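User: I want to learn how to read a structure like this one. Can you take me through it, feature by feature?

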Amino acid sequence: MQIAAIIVAGGKGLRMGADTRKQYLELGGIPILVRTLRRFLACPQVDRIVLAAPADDFSFIQSDLFPLLPERHRIVLAPGGAERQGSVYNALITLGPDFEGLVAVHDGVRPFVSPEELRRVCEAGQRFGAAILAVPAFETLKRVGDEETIAGTLSREGLWMAQTPQVFRCDLLAAAHEQARENGVLGTDDASLVERMGVPVRVVTGSRCNIKITTPDDLDLAALFLPRFPF
Ligand SMILES: Nc1ccn([C@@H]2O[C@H](COP(=O)(O)OP(=O)(O)OP(=O)(O)O)[C@@H](O)[C@H]2O)c(=O)n1
Ligand SMILES: C[C@](O)(CO)[C@H](O)COP(=O)(O)O
């Protein structure tokens, strides 16, 4: 079955607080988004990539980032949306209604997904129609109420933290996004939209290296992982 990747890189990176959008910041001399795209271009299961990015950045991406990539003809650009969900939706429109394979949605700012994780989640997507990488919650979880006071401690039993890639049959993902738009639902990930349709989503155990670079602390953490991902 064909696999298309949707890489979302349309965000503003407000929590990073940098002058440059975080997806273009360099890690070990290589822009984060380039690192992420290289992971997918190197994956034999993925035959094309739709990159959702701010339309104003298209010419920068083409002139400054594409030359750092192999086989850049496999990447098509789509305009980013106001929210992450809108970026995925726009990428699905760009992919077109005739695509019948699997879609692997991934954050442009998760450069440390390993080839093995990518393979395992794609295989699970192929087998079950919907699968995501996730890691079991590994700290004690508190519900915090008013005045930053603890209102309760949650059981960690059965709680996982969702990562990307999230892999779905394309028709399923498209239907989930259409339904969410009709109902005015905004999810922080794609699996939540598929879950709302009552479709089971499999969880594939990921690794804690597959961080989403969100705040300046994550850049320090990412520097520690660089020896494992030299390119
Ligand atoms: N309108 C948006 C918002 C987010 N994203 C992408 O979704 C991924 C995960 O989102 P997040 O870490 O929240 O990125 P930002 O929205 O850029 O960050 P912030 O919320 O701090 O502004 C990122 O690769 C980001 O570029 C996107 O494609 N389109
Ligand atoms: C999709 C995601 O990466 C799963 O963890 C995440 O939900 C998106 O990030 P955000 O920080 O919630 O925007």
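Analyst: Start with strand pairing. In this predicted model, strand β7 (residues 130-136) runs antiparallel to β10, and six bridges join them.

User: Which residue in β10 is the bridge partner of Ala 130?

Analyst: Phe 168 is the partner of Ala 130. Phe 168 also stands opposite Val 103.

User: How many residues of β10 are buried?

Analyst: Burial is read from neighbor counts: 20 or more other C-beta atoms within 10 Å make a residue buried. In β10, seven of the ten residues pass, so the strand is mostly covered.

User: What joins Thr 164 and Pro 165?

Analyst: Look at omega. Here a cis peptide bond links Thr 164 to Pro 165, with omega at about 5°. Pro 165 is in strand β10.

User: Which residues surround ligand 2?

Analyst: A ligand shell is read as a residue list. For ligand 2 the list is Arg 84, Asp 107, Ala 162, Gln 163, Thr 164, Thr 188, Asp 189, Lys 212 and Thr 214.

User: Which strand gives the largest share of the shell around ligand 2?

Analyst: Strand β10 (residues 160-169) does, with three residues. By class, the shell around ligand 2 holds one nonpolar, four polar and four charged residues.

User: And ligand 1: which residues come nearest?

Analyst: Val 8, Gly 10, Gly 11, Arg 15 and Ser 87 come nearest, out of 21 residues around ligand 1. The shell around ligand 1 divides into six nonpolar, nine polar and six charged.

User: Now the loops. Where does Gly 158 lie?

Analyst: Gly 158 is in the loop between β9 (150-154) and β10.

User: Is Gly 158 buried or exposed, and why?

Analyst: Count neighbors again; 12 or fewer means exposed. Gly 158 is exposed because it has 7 other C-beta atoms within 10 Å. The C-alpha atoms of Gly 158 and Lys 212 are separated by 22 Å, and the two residues are 54 apart along the chain.

User: What is phi of Glu 147?

Analyst: Phi of Glu 147 is near 50°, a positive value in a residue other than glycine. Glu 147 sits in the loop between β8 (141-144) and β9. With 5 other C-beta atoms within 10 Å, Glu 147 is exposed.

User: Step back to the whole chain. How many helices and strands are there?

Analyst: The chain has seven helices and eleven strands. Its radius of gyration is 17 Å, close to the 17 Å that the globule rule gives for 231 residues, so the chain is as compact as a globular protein of that length. Of the 231 residues, 39% count as buried. Contacts tell you about sequence range: among those between residues at least 6 apart in sequence, 73% join residues at least 24 apart.

User: What confidence scores come with the model?

Analyst: The ipTM is 0.98 and the pTM is 0.98. The chain has a mean pLDDT of 97, and 100% of its residues reach 70 or more.

Methods
Residues numbered from 1 in each chain as written. Chains lettered and ligands numbered in written order. Predicted model: local features only at pLDDT ≥ 70, side-chain atom pairs only at ≥ 80, totals over all residues. Near = placed C-beta within 6 Å. Nonpolar A, V, L, I, M, F, W, Y, C, P; charged D, E, K, R; others polar. Helix = DSSP H or I, 4+ residues; strand = E, 2+ residues; numbered from the N terminus. Pairing = 2+ DSSP bridges. pLDDT = per-residue confidence, 0-100. Rg over C-alpha atoms; globule rule 2.2 N^0.38 Å. Contact = placed C-beta atoms within 7 Å.
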